[in-house]
Amino acid sequence: MSEIVSCHNAENPGITAEGNPFRNGLWKQNPVFFMVLGMCPTLAITNSVRNAVSMGFATTFVMVVSYGLISMIRKLIPKQVRIATYIAILAMAVTVVDFLVKAISIPIYLALGAYIPLIVSNCLTLERAEAYAGKQPVIKSMLDGLGMGFGFTIALTMLGAVREVLGAGTFLGVHLFGKSFEPWVLFLLPPGGFISLAMWLLLFAWWKERSAERAAIKESAPTELAVPVEARA
Amino acid sequence: MSTIVPPPAQPQPPGWRMIRLLGAVSLICGLLIVGTNLATSGRIRSNQETIMRNSVSELLPGAQKEIIYGIEPSGELKILPDLQAAGQRLFAGYDGSGKLLGVVIESSARGYADLIQAMYSYSPEKQAITGFKVVDMRETPGLGDRTRSDPDFLSNFQDLDVTIVDGKPLHPVKVVKHGSKKNPWEIDAISGATISSRAVGKLIGTSVDTVIPVVRKNLDRIEKGQ
């Protein structure tokens, strides 16, 4: 719960409701790499690609369903009890998904069963309900849930790939390096989650800074004097 | 003289609105959950039976025939007609010639997150546990859920000594710190998942204390398949 409360208060000025809600979540406002939300599942379950993808899809489904419902009744919800309402709806969606997965497919249930209850403790789901679905129309809210969910899945998969390859020497369970490879077990353990997340965040921060610099240079320099950016750097 | 002005009519108190909305949302969510539960419970039960049957045949490879036993409160064994019956169940597996291969016993214990439900196979001949399989659990992915998949942990149960003498286990099953297993009745815990490992130890320990003496007492019956 503390995670939900703390991240709910973190207002990020860079996050807006402008633009295509699906594309925003996918990359520009990626929940993990740019909003740094939902760190509990991000760090806990990304020690293999399969876990990461499963968790991502389950979260996506819950977000799409519950944001549709939340957006439908958004005008009826008094401001003071909105968070409690969102949590009730999210918890309902998670429970329903749990039942459905159990009934529909044994293999998916065996792969996902342990992760589904974790979704309700993911602060990303609550943050998007508060920042988007509680204010926007139904279709846009569901698209936002879909985009954020896929963005979350992509980010988890990227983390899971680094951790599985370095920590176990496998990708999706397939051995990559042969018998002589000594797995770097640290990457499967919690510290490995923090280290690989930090590496990805560093990479994206550097990339963001560089593209901002390039944009500034492009604006200030007249086109006829333009020197290849690589040469300036 | 000033007249007392009555307070203007208040709009509906917001407290009432909040309670009404939260009540309605909870009611609808509750109904949706109950509805889904009712709609899916049949499928879920048959899926769980499939998981259970698969687990039994995995734990007793080569079994051609199974008999399901239940334990009555008096401690007597009785044959159950199907899987629907609740309570402690035992699955006796026999090979083609009718020889008893082993008994699969259901057990559960509280883990880190929720109940861990598991099955293990017991060989009356070896007086040992010969296999272990988690059927359902909610343990932390990556840590506690390795009780299901970690090959090192599962190798503990290939030949776990549970010899019964005078209706009591000779050596109680014990969970020891990772890498310090010395005796055949000890379980080597998963490092980082001590609570889940201990829960598995408890799951097997309580079942060994209560169910295996019943199996030994009724071994003749089970061997004959009665």
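B:Q127 lies in the loop that links β5 and β6 of chain B. In this predicted model, the phi of B:Q127 is near 55 degrees, a positive value in a residue other than glycine.

**Confidence**

- The model has an ipTM of 0.71 and a pTM of 0.69.
- The mean pLDDT of chain B is 85, and 93% of its residues score at least 70.
- Within chain B, the element with the highest mean pLDDT (91) is strand β5 (residues 115–123), while strand β9 (residues 168–169) has the lowest, at 81.
- Where pLDDT is low, the predicted coordinates should not be read in detail.

**Contact between the chains**

- Chain A contributes 25 residues and chain B 26 residues to the contact between them.
- On the chain A side, helix α5 (residues 82–104) supplies the largest share, 11 residues.
- That side of chain A is made up of 19 nonpolar, 5 polar and 1 charged residues.

**Largest nonpolar core**

- The largest nonpolar core holds 96 residues.
- The members that touch the most other members are A:A58, A:V62, A:I89, A:V97, B:V103 and B:Y120.
- Helix α5 of chain A gives the most to this core, with 11 residues.
- Apart from neighbours within four places in sequence, B:Y120 contacts B:I105, B:I129, B:G131, B:F132, B:F157 and B:I204.

**The open sheet of chain B**

- Seven strands of chain B form an open sheet with antiparallel pairing, in the order β2-β1-β3-β4-β5-β6-β7.
- The edges are β2 and β7 (160–161) of chain B; each has a single partner strand, so one side of each is left without a neighbour in the sheet.
- Strand β1 (residues 65–71) of chain B pairs with strand β3 (residues 89–94) of chain B in the antiparallel sense over 6 bridges, and B:I68 has B:F91 as its bridge partner in β3(B).
- Strand β1(B) also runs antiparallel to strand β2 (residues 77–79) of chain B, to which 3 bridges join it.

**Helix α1 of chain B**

- Helix α1 (residues 14–59) of chain B bends by about 50 degrees at B:T40.
- Its buried residues are B:V25, B:C29, B:M52, B:S55, B:V56 and B:L59.
- The buried residues of α1(B) pack against α5 of chain A, and also against β1, β3, β4 (100–110), β5 and β6 (128–136) of chain B.

**Chain A: architecture**

- Chain A comprises 10 helices and 2 strands.
- From the N terminus on, its elements run α-α-α-α-α-α-α-α-β-β-α-α.
- Of the 233 residues in chain A, 42% are buried.
- Among contacts in chain A with a separation of 6 or more, 74% join residues 24 or more positions apart.

**Chain A: individual residues**

- A:V36 sits in the loop between α2 (21–28) and α3 (39–44) of chain A.
- The phi of A:V36 is near 50 degrees, a positive value in a residue other than glycine.
- Most residues other than glycine have a negative phi.
- A:V36 counts as partly exposed, because 16 other C-beta atoms lie within 10 Å.
- A:F204 is located in helix α9 (residues 190–220) of chain A.
- With 15 other C-beta atoms within 10 Å, A:F204 is partly exposed.
- A:F204 and A:F33 are 171 residues apart in sequence, and their C-alpha atoms are 7.3 Å apart in space.

Technical notes
Residues numbered from 1 in each chain as written. Chains lettered and ligands numbered in written order. Predicted model: local features only at pLDDT ≥ 70, side-chain atom pairs only at ≥ 80, totals over all residues. Contact = placed C-beta atoms within 7 Å. Helix = DSSP H or I, 4+ residues; strand = E, 2+ residues; numbered from the N terminus. Nonpolar A, V, L, I, M, F, W, Y, C, P; charged D, E, K, R; others polar. pLDDT = per-residue confidence, 0-100. Core = buried A, V, L, I, M, F, W, Y, C linked by C-beta atoms within 7 Å. Buried ≥ 20, exposed ≤ 12 C-beta atoms within 10 Å, placed from the backbone. Pairing = 2+ DSSP bridges. Bend = angle between axes of the 7 residues up to and from the residue.
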